[in-house]
Amino acid sequence: MANVTLTIGGREFMLACADGEEAHVTQLAQMIDEKLAQAGVVGQTEPRMLLFASLMLADELHELRQRESQPVPAPPAPAPAPAEPVEVIPPVLVEVLARIADHVENLADLLEQPASNA
């Protein structure tokens, strides 16, 4: 077991901790000391300072747990793939195809007419 001296709210506290945990425990005590300084409660009685620090840290933990329990929004759907490029038929070819279609229709009309002299 190791012993560390922690300074919280201007007061020193001796605390036993596991060997090798001294730096971590000291860092945690610094976080509590910073919370007390932010809240402006340094200099009050020890129980009151530690009560305020506990409430502030519990509030932070509560907020973190609330955020974690909220569902994570689904990522946006991927953008649709770009449309395949449409090949443009040259106007000359369109005219030729239209004339061919007219000829085919004329031939079809001729075939549908009754034979005049057989």
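**Exercise 1.** Determine whether Glu60 is buried, exposed or partly exposed, and identify its salt-bridge partner.

Solution. Glu60 has a relative accessibility of 32% and is therefore partly exposed, where buried means under 20% relative accessible area, exposed over 50%, and partly exposed in between (1.4 Å probe, protein chains only). This is a predicted model, in which local features need pLDDT of at least 70 and side-chain atom pairs count only at pLDDT 80 or more, while totals for chains, interfaces and linings use all residues. Residues are numbered from 1 along each chain as its sequence is written, and side-chain values use heavy atoms, with hydrogens and water left out. The partner of Glu60 is Lys35, with the closest N and O atoms 2.0 Å apart; a salt bridge here is a side-chain nitrogen of Lys or Arg within 4 Å of a carboxyl oxygen of Asp or Glu. Because Glu60 lies in helix H2 and Lys35 in helix H1 (residues 22–39), the pair ties together parts that are 25 residues apart in sequence; helices (H or I, at least four residues) and strands (E, at least two) are DSSP runs, numbered from the N terminus. Lys35, at 17% relative accessibility, counts as buried.

**Exercise 2.** Find which parts the salt bridge between Arg11 and Glu46 ties together.

Solution. The side chains of Arg11 and Glu46 form a salt bridge at 3.9 Å, N to O. Arg11 belongs to strand S2 (residues 11–17) and Glu46 to helix H2 (residues 46–69), so the pair connects parts that are 35 residues apart in sequence. Arg11 is partly exposed at 26% relative accessibility, and Glu46 is partly exposed at 34%.
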